[in-house]
Amino acid sequence: MHRWFSALCCFLCLTLSALAQAKNNNDLVQDASAAQLPKLEKFDPSIVDKSKNACVDFYLYTCSNWIAAHPIAPDMAVTSTSRPLFLYNQTILRNALDAAGANKQATGSERQIGDYWRSCMDEVTRNANGKAWLQPHLSTIASLKSSKDLPRVLAHLHQNFPAAWLMWNDDDNYAKAPIFGFGPAQDLADASKMVAGIDQGGMALPSLDYYLNNSEQSKELRGKYLQHIQKMFELAGDSSGKAAAEAKVVMEIETALAEASMDNVTRRDPKKIYNKLNLQQLKAAVPDFGWDEYLQFMGTPSVPFYIVSTPGFLGAVEQQIKTRSAQDWQAYLRWWAIHRGAPYLGNDFEQANFDFFGTALSGTPQMLPLWRRCVASTDHYLGEALGQAYVTVAFPSESKQRANELVTQIRQSLVEELKQLDWMSEQTKKQALVKQSATLQKIGYPNTWRDYSSAKIVSDNYLANMNAANAFEAHRQIDKIGKPVDRNEWGMTPATINAYEDPQMNTINFPAGILQLPLFGENQDDASNFGAIGMVIGHETIHGFDDQGRKFDAKGDLRDWWTPEDTRRYDEKDKCIVDQYSQEIPEFGVKQNGYLTAGEDTADNGGIHLAMLALEKDYKAQGKSMDTPEADGLTARQRFFLAYAFSWCADVRPEAARTQVLSNPHSLPHFRVNRPLSNMPEFQQAFGCKDGQPMVHNPECRVW
Ligand SMILES: [Zn+2]
């Protein structure tokens, strides 16, 4: 993705990041038989822990029995009610890949996904040849004799390894590519134009805190990181003496870049990262880097200006280029090639990479089984080829239609809510309604599937396949520069269990992968659907109006369409949420910064509110009461809240929880449930909660 700042919801981002890092050949989940689809979770009233008080901790009331019965698997950083859905989605993809891989007559995208899959699954070849596969890249790096060669070698890495253009991930800290991030970006001032952007980057740890924080825990992790870098150099064939010296250089360069980087709270303000520099200014900022060569190697068209997220960062890049030897740069770039290549080589590389990024950083003891790593990888690189098979099995047109209706109903709640807001002027309301109606809602999968035919995929070299798929994507991204924006493009693959709002495209996007149980079922009762997926839909809808989203207009331009008085009132209301979520989390030894999570927390609070309004309207239209017990003994209102909480039930390893709190703009699941509900009188009414109880927050925070 090429967005400048976070637009995605990151539903269950913990689970997702655990998957992204995951691996190993230990089939812990007992799901090797390809055709067997696991049973999906669904809220069931008998799961509730009646020994807990709903008004003291609703999350534990809903989730503690479920969590106790579903311990975190050794290959995961988290357990959650969506875990069976991950397995379900991945099993469907696996079946499609097995079939494609076995079909000797396969052509086109079927052959591509089949070959990619086989190259990943073939551990024997990977173990035998992985180290040799890396050699051409290391030779390219060895050809760097002075800083004059840096643009060429850097462009080689930016094209062949992830992911210079990925300027946000599931967080918004920096590009996880060597030296800096580079790619297309929608112009913040004119969203119809795709321009070029340069982002801070060059650091492999998850966020600046890991480099700069002086706590004992951080120092210890940095010690482990240094050892890890050294180990990776050794695996690539360096002596331990050389590897130790190289690791030290890498750490120095990454730390210097971290010191000059903008923190993730400041980056939430789009204006702060919108700095236009023309080529001459860019050259003046980093005179010792050959920009012309770099841009030429990257295949970038000539553009009037570049958006630079952190001008001060460029000073640090210049300082490093000016003072570092060719040998230092070789060490630093070798690290990035080995680090980014590791998951695509033999077991030794993959395991060492996991030991640090999976275990030390996320606390996950074991890699996921090989087949699941390979499914995730194929989905990542060839997702729209693979996604067609997924949709055929898991997302019939009836589901698409029902999901589309739900999104429409919930957006209608926002329209009605906006019209009767007492704190917003008529003038701003009018603009908000224009923006709302201009939002494009996308459900399930793209209208036209991406054509990967120019990516050269082979059956027996996994690293080369990743390089080819990466180069395909790099080219596809760079090619957007200077061209009109395509609002119909998807930033997630169809089988993804997530959703996102894109403020510059002004779209909300719900892949087929999340439109499944326990979140959504075409035949699931309305209260459960509205509580679970309805909240996610409301969440994305509100993102267009959270602390970031509200700064963009209907066209997606960064333009202040709020009166100063409305802005003041918004900030005042949002401050209540910021304060509510700014908290010590003693069990994990970290403090949550409510400003970092403000956008997501606002979207959670508004999202559940919109979903409730839509359900109320739905019940009213059917002449039914939300407060009369139904067949299972629960009122619709109670089931709505229970289904919501149930969809977030999760247990998180402490390491992963700490990483999440420090580097991710999403609150932990426990807070994503309890905090919004404690602001809702509808919740207190449904469960008979009284003033002074923990689930009754005073004051009631509310923006939307
Ligand atoms: Zn979100």
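In the structure described here, Thr-310 is found in the loop that lies between strand S5 (306–308) and helix H12 (311–323). The model is a predicted one, and the description below should be read with that in mind. Thr-310 has a relative accessibility of 7% and therefore counts as buried, since the limit for that class is under 20% relative accessible area. When residues up to four places away in sequence are not counted, Thr-310 touches Gln-200, Ala-260, Ser-261, Met-262, Arg-267 and Asn-275.

Strand S5 also belongs to an open sheet of four strands, which has the order S2-S3-S5-S4 and mixed pairing. The edges of this sheet are formed by strand S2 (180–186) and strand S4 (275–277), each of which pairs on one side only. From one strand to the next, the twist of the sheet averages 35 degrees. S4 and S5 run antiparallel and are joined by three bridges, and Lys-276 stands opposite Ile-307 in S5. Helix H11 (residues 291–298) lies across S2, strand S3 (194–200) and S5, and its direction makes an angle of about 65 degrees with S2.

A further open sheet is formed by three strands in the order S6-S8-S7, and here too the pairing is described as mixed. Strand S6 (440–444) and strand S7 (500–502) each have a single partner strand and stand at the edges, so one side of each is left without a neighbour in the sheet. The twist in this sheet averages 15 degrees from one strand to the next. S6 runs parallel to strand S8 (residues 507–511), and five bridges join the two. Within this pairing, the bridge partner of Leu-440 in S8 is Thr-507, while the bridge partner of Ile-443 in S8 is Phe-510. In a regular strand, the side chains alternate between the two faces of the sheet.

Although S6 is an edge strand, the surroundings of S6 have also to be considered. Four of the five residues of S6 are buried, so this strand is largely enclosed by the rest of the structure. Helix H16 (residues 397–419) lies across S6 and S8, and runs at about 150 degrees to S6.

Helix H6 (residues 150–160) and helix H18 (residues 462–478) pack at an angle of about 100 degrees, and their axes are 7 Å apart. H6 and H18 are therefore roughly perpendicular to each other, as angles of 65 to 115 degrees are placed in that class. On the side of H6 the contact is made by His-158, Gln-159 and Asn-160, and on the side of H18 by Met-466, Asn-467, Asn-470, Ala-471 and Ala-474. Of the residues in this contact, three are nonpolar and five are polar, with no charged residue present.

His-539 and His-543 both lie in helix H19 (residues 526–543), where they are four residues apart, or about one turn of the helix. Both of these histidines, His-539 and His-543, are buried.

Notes
Residues are numbered from 1 along each chain as its sequence is written. This is a predicted model: local features need pLDDT of at least 70, side-chain atom pairs count only at pLDDT 80 or more; totals for chains, interfaces and linings use all residues. Side-chain values use heavy atoms; hydrogens and water are left out. Two strands pair if DSSP finds at least two bridges between them. Axes are lines fitted to C-alpha atoms, for helices over the stretch in contact, and angles run from 0 to 180 degrees between N-to-C directions. Contact means heavy atoms within 4.5 Å. Buried means under 20% relative accessible area, exposed over 50%, partly exposed in between (1.4 Å probe, protein chains only). Angles under 35 degrees count as roughly parallel, over 145 as roughly antiparallel, 65 to 115 as roughly perpendicular and the rest as oblique. Ala, Val, Leu, Ile, Met, Phe, Trp, Tyr, Cys and Pro count as nonpolar, Asp, Glu, Lys and Arg as charged, and the others, Gly among them, as polar.
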